[in-house]
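Take a first walk through this model.

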Amino acid sequence: MPIIDCHVHLNKYDRIKSQAKESVLLENRLDALLQSMDSNNVDYSIVISSYRVDANRPSASQIIDVVNKNENIRNRIGIVTGFTIDNHTDEDLKQYRTWLKDRLIIGIKLYCGYEHYYPYDERYQKVYDTCMEFGVPVMIHTGDAYSSMAKLRYAHPLNVDDIAVDNPELRIVMCHLGNPWIADCQEILYKNRNVYSDISGLVVGDFNLPSATRYVSQINDLLTYAGKPHRLLYGSDWPISNMGSYLAFVRKLELDEDSYDLMMSRNTKYIFRL
Ligand SMILES: [Zn+2]
């Protein structure tokens with residue numbers, strides 16, 4: 001069963017020491033991603049573009065260009081584009097529709113918390129409508145944020161319940177298990193069959209023993225409550241989190257084979273139609 005990492009980035013992060021000097025160039029960061037996938041036997045990754053475009057944050061269009069230069073790369077990388085109320089326009093959404101039609105992107109991500117709006121803000125509805133029309137999931141940032149400017153109340157997993165109920169045909173991926181509100185995330189998963197969560201970004205860098213122990217216990221609690229990981233997706237948040245350490249962490253969960261395959265591969269394949 002192939003391993004699919006549904007949550008990685010090609011941004012340049014000043015605070016991430018593992019990003020080498022030469023990673024100033026997008027091409028080099030893509031090479032680093034492919035190398036990390038190779039050395040960890042990860043078959044496919046979904047790259048997510050940011051909430052804004054600047055020198056460190058490539059646009060979806062730049063990512064599409066660099067990924068599609070080479071067929072081998074195209075076959076191993078999917079692209080999800082960020083959408084924000086503040087930094088994106090209707091023109092952008094029109095462009096996304098063309099890309100969705102051509103399968104150059106396979107989903108849209110919202111950055112609630114990073115921008116100060118609730119997921120049920122009606123200005124996001126056009127994004128949900130677009131995702132339903134093209135049969136792709138919307139990913140929504142939930143939980144702690146990698147920026148002190150973020151406002152956490154907008155990123156609480158409980159907010160996702162409203163859109164899950166109001167858009168029963170929409171498939172929603174909560175990112176990061178809503179960490180640290182994992183108990184809230186588990187209730188949203190349990191109650192709403194159209195909601196999924198990725199397990200990415202629980203640590204910066206490597207898991208240490210206390211963090212691994214804590215998250216193993218929390219994810220096992222979630223599974224006891226919500227049942228088999230039918231709606232959990234494997235994701236690392238590379239390069240913020242280390243892929244090797246993440247895979248070692250997953251092995252600590254001691255999932256049975258079927259559950260492991262669901263989380264590492266089948267769930268992501270199914271909702272992103274890979
Ligand atoms: Zn991320």
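The report below starts with the basis of the values and then turns to the sheet.

This is a predicted model, in which local features need pLDDT of at least 70, side-chain atom pairs count only at pLDDT 80 or more, and totals for chains, interfaces and linings use all residues. Residues are numbered from 1 along each chain as its sequence is written, and side-chain values use heavy atoms, with hydrogens and water left out.

## The sheet

Helices (H or I, at least four residues) and strands (E, at least two) are DSSP runs, numbered from the N terminus. Two strands pair if DSSP finds at least two bridges between them. The model holds an open sheet of 8 strands. Their order is β1-β2-β3-β4-β5-β6-β7-β8, and the pairing is parallel. The edge strands are β1 (4–8) and β8 (232–233), and each pairs on one side only.

| Strand pair | Bridges | Opposite residues |
|---|---|---|
| β2 and β3 | 4 bridges | I46 and G78 |
| β3 and β4 | 3 bridges | G82 and K109 |
| β4 and β5 | 3 bridges | I108 and V138 |

A crossover is right-handed if, with the strands pointing away from the viewer, the path from the first strand over the helix to the second runs clockwise. From β5 (residues 138–141) the chain passes through helix α6 (residues 160–166) to β6 (residues 172–175), and this β-α-β crossover is right-handed. Another right-handed β-α-β unit is made by β4 (residues 108–110), helix α5 (residues 125–134) and β5.

## Inside the strands

Buried means under 20% relative accessible area, exposed over 50%, and partly exposed in between (1.4 Å probe, protein chains only). How many of the 7 residues of β3 are buried? The count is 7 of the 7, so β3 is largely enclosed by the rest of the structure. In a regular strand the side chains alternate between the two faces of the sheet. In β3, I77, I79, T81 and F83 point one way. G78, V80 and G82 point the other way.

V47 lies in strand β2. V47 is buried, with a relative accessible area of 0%. Contact means heavy atoms within 4.5 Å. Leaving aside neighbours within four places in sequence, V47 is in contact with V8, L10, L33, I63, I77, G78, I79 and V80. V47 and C6 are 41 residues apart in sequence, yet their C-alpha atoms are 7.5 Å apart in space.

## A helix and its cover

Helix α2 covers residues 60–67. Its buried residues are A60, I63, I64, V66 and V67. What covers them includes α1, β2 (44–48), α3 (71–74), β3 (77–83) and α4 (90–101).

## The pockets

Rolling a probe the size of a water molecule over the atoms shows where empty space is left. On a 1 Å grid over the protein atoms alone, a cavity is a set of points where a 1.4 Å probe fits but cannot get out, and a pocket is an open set with protein on both sides within 12 Å along at least five of seven lines. Lining residues have an atom within 4 Å of a point. Grid points are joined across faces, edges and corners, and a volume is the space filled by probe spheres set on the points.

The largest pocket has a volume of about 440 Å³. It is lined by 25 residues, and S18, Q19, A20, A32 and W238 lie nearest its centre. Which helix gives the most to this lining? That is α1, with 6 residues. Both α1 (26–39) and α9 (243–252) supply at least two residues. Ala, Val, Leu, Ile, Met, Phe, Trp, Tyr, Cys and Pro count as nonpolar, Asp, Glu, Lys and Arg as charged, and the others, Gly among them, as polar. The lining of the largest pocket divides into 8 nonpolar, 11 polar and 6 charged residues.

The second largest pocket holds about 370 Å³ of space. Of its 22 lining residues, Y114, A145, Y146, D237 and I240 are the closest to its centre. This lining divides into 10 nonpolar, 8 polar and 4 charged residues.
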